[in-house]
Amino acid sequence: MSTAILTGQPVPGSSIEGDLRSLGFEVCIAADPADTEALLAQVPSDQRVAVVDARFVGHLHALRLGLTDPRFPLAAIPGAVTAQPAGRQALTRALARETSTQGTLLVDSLADRITGALDVDVHRPELGSLVAAVPTDPQARNEARQAVAAVDDEAVRLKSAVKARDGFFTTFFISPYSRYIARWCARRGLTPNQVTTASLLTALIAAGCAATGTRGGFVAAGVLLIASFVLDCTDGQLARYSLQYSTLGAWLDATFDRAKEYAYYAGLALGAARGGDDVWALALGAMVLQTCRHIVDFSFNEANHDATANTSPTAALSDKLDSVGWTVWLRRMIVLPIGERWALIAVLTAVATPRITFYALLIGCAFAATYTTAGRVLRSLTRKAERTDRAARALADLADSGPLVELLARKVPVPAPLCAAAGGLVVVTSAALWGATWPTVLAALVYVALSAAAVSRPLKGALDWLVPPFFRAAEYGTVLILAAESEVNGVLPAAFGLVAAVAYHHYDTVYRIRGNAGAPPHWLVRAIGGHEGRTLVVVVLAVVLTAAQFKVALTVLAVAVALVVLVESIRFWASAGAPAVHDEGEPA
């Protein structure tokens with residue numbers, strides 16, 4: 001239960017007390033600052049508390065934004081300030097200072113004075129057209145009430161539930177009605193986590209329909225995939241509509257999109273196999289390409305998260321293009337974000353074959369990857385950014401280097417991206433040309449040595465953000481090629497499972513860093529070998545084992561990696577100390 005302390009002179013006919021109760025607050029009334037301090041001390045330290053001016057006039061949603069968002073220890077709007085348990089001490093200190101202050105008051109509202117006296121950061125939500133004011137005379141109160149009546153806060157609330165930046169398909173074909181589904185869910189007490197789970201289940205059912213290999217199954221799969229995407233949009237809109245953010249929700253939202261998409265790839269591959277067409281290599285290729293695309297996005301963003309002098313002519317040109325409306329939507333579409341991608345997959349599943357679906361997906365994603373990566377390389381080469389230690393640490397964590405790299409790390413006067421690219425090219429090319437032979441083992445050892453050289457110095461160079469994507473491409477590509485060349489049924493599905501488990505670990509690392517919680521514990525990275533250790537192990541297994549034994553070994557390795565990373569990930573994200581990562585979404 002949360003507590004709101006009303007201060008100041010009560011106003012006859014004011015709805016503030018009822019509004020606070022509707023938001024879940026127990027309301028107490030304080031006669032003066034000393035009484036406010038006494039009431040604050042009586043509120044249990046593990047509860048949210050708010051100090052609100054009794055003269056407050058504003059929209060209910062303005063109060064909701066200012067007083068109920070769980071992501072911020074301290075938050076304030078005009079006439080109201082709130083603290084969660086983590087911010088209680090700061091609030092108590094500020095109130096004590098105001099209680100002991102004598103002399104002329106420059107600000108009449110105690111809540112606003114407390115906000116001004118806080119010695120830590122305070123979240124101040126953007127209210128836009130919403131009203132939040134503390135009128136000091138009848139005329140000002142009447143004007144504030146008229147301003148409240150002139151704006152439909154429910155319309156504002158619905159609009160703000162939709163992400164400000166989204167893809168063309170999502171913006172024009174999903175969000176216009178999914179926001180109303182979100183409101184319907186909120187009014188029935190459903191949580192974002194429940195909607196997220198429903199989206200996952202719908203996608204898994206879609207994958208099961210695709211796995212039947214029948215035309216009816218493919219049509220049903222396409223329809224259900226779109227339904228899953230509608231629910232995927234709805235869960236975030238519900239979280240923003242009702243401000244229901246949680247650490248568990250962060251984990252679900254961060255991982256379920258990839259789980260749904262990659263499970264659907266597997267369903268398509270199984271369905272194709274029922275019809276006599278083996279497309280597991282295409283399914284695995286699509287997963288590898290999509291994951292590498294994402295790590296390019298993540299690495300570039302982390303490298304420039306807090307860079308200074310972070311400007312370039314390329315970025316300036318992009319800003320100019322943003323002023324031309326149609327170019328914005330065109331550029332958002334050609335990068336094939338999740339809405340466009342899932343729509344493409346759903347339609348082709350229903351009307352074509354799995355093979356055609358994967359071909360179209362691979363071509364589209366390859367073009368999008370080329371476009372986005374080229375643009376980011378140009379930006380990096382033309383800007384004079386100075387990257388911080390935090391950025392270098394994030395890139396090192398994203399590199400996912402294991403014990404072999406730690407053992408061999410030696411500083412070399414060669415650019416890190418060149419080392420990473422050369423090592424990846426050596427092992428992937430060797431796997432493609434010579435397959436499961438001892439020269440490929442030698443190539444894998446070269447890859448380990450060059451990987452160690454790549455991360456031997458802090459990754460602060462202009463293109464050092466390319467190091468993690470090069471490592472991902474090398475590891476995943478090697479597994480894909482060796483599995484495809486084995487020509488034994490079951491090897492490619494086992495490789496698909498292994499890459500899926502490792503990719504989950506890499507996504508988990510990204511979202512921990514985004515939540516400012518750091519990378520997964522070092523013991524976990526060492527336990528699963530790091531990218532270089534896993535690559536070397538897979539190559540050695542392919543060489544020393546028969547194809548049938550290689551299939552079993554990949555399966556065991558996939559299960560072992562999945563168990564270790566999932567157990568640690570679930571422990572972390574379900575714990576009370578895990579961060580709430582609810583950004584504005586990853587468009588790709």
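Biologist: Why is Arg 472 called buried?

Modeller: Its relative accessible area is 1%, and buried means under 20%, with exposed over 50% and partly exposed in between (1.4 Å probe, protein chains only). Arg 472 therefore counts as buried. Before we go on: this is a predicted model, in which local features need pLDDT of at least 70 and side-chain atom pairs count only at pLDDT 80 or more, while totals for chains, interfaces and linings use all residues. Residues are numbered from 1 along each chain as its sequence is written, and side-chain values use heavy atoms, with hydrogens and water left out.

Biologist: Where does Arg 472 sit, and which residues is it in contact with?

Modeller: Arg 472 belongs to helix H21; helices (H or I, at least four residues) and strands (E, at least two) are DSSP runs, numbered from the N terminus. Contact means heavy atoms within 4.5 Å. With neighbours within four places in sequence left aside, the contacts of Arg 472 are Cys 292, Ile 295, Leu 398, Ala 399, Asp 400, Gly 477, His 506 and His 531.

Biologist: How do you look for empty space inside the model?

Modeller: Rolling a probe the size of a water molecule over the atoms shows where empty space is left. On a 1 Å grid over the protein atoms alone, a cavity is a set of points where a 1.4 Å probe fits but cannot get out; lining residues have an atom within 4 Å of a point. Searching the whole structure gives one cavity of 30 Å³ or more. The largest cavity has a volume of about 50 Å³, where volume is the space filled by probe spheres set on the points, and grid points are joined across faces, edges and corners.

Biologist: Which residues line the largest cavity?

Modeller: The lining consists of Glu 475, Tyr 476, Val 479, Leu 498, Val 499, Val 502, Arg 534 and Val 538. Helices H21 (467-486), H22 (491-514) and H24 (530-544) each supply at least two residues of this lining. By class there are six nonpolar, no polar and two charged residues. (Ala, Val, Leu, Ile, Met, Phe, Trp, Tyr, Cys and Pro count as nonpolar, Asp, Glu, Lys and Arg as charged, and the others, Gly among them, as polar.)

Biologist: Turning to the strands, why is S1 called largely enclosed?

Modeller: Six of the six residues of S1 (residues 2-7) are buried, so the rest of the structure largely encloses this strand. Ser 2, Ala 4 and Leu 6 point one way, while Thr 3, Ile 5 and Thr 7 point the other way.

Biologist: What makes S1 and S2 a pair?

Modeller: Two strands pair if DSSP finds at least two bridges between them. Five bridges join S1 to S2 (residues 25-29), and the two run parallel, so they meet that definition. S1 also pairs in the parallel sense with S3 (residues 49-53), over five bridges. Ile 5 has Cys 28 as its bridge partner in S2 and stands opposite Val 51 in S3.

Biologist: Which way do S5 and S6 run?

Modeller: S5 (residues 74-77) and S6 (residues 80-83) run antiparallel, joined by four bridges. Ala 75 has Thr 82 as its bridge partner in S6. Their hairpin has two residues between the strands, and Gly 79 takes a positive phi near 90 degrees there.

Conventions. On a 1 Å grid over the protein atoms alone, a cavity is a set of points where a 1.4 Å probe fits but cannot get out, and a pocket is an open set with protein on both sides within 12 Å along at least five of seven lines; lining residues have an atom within 4 Å of a point.
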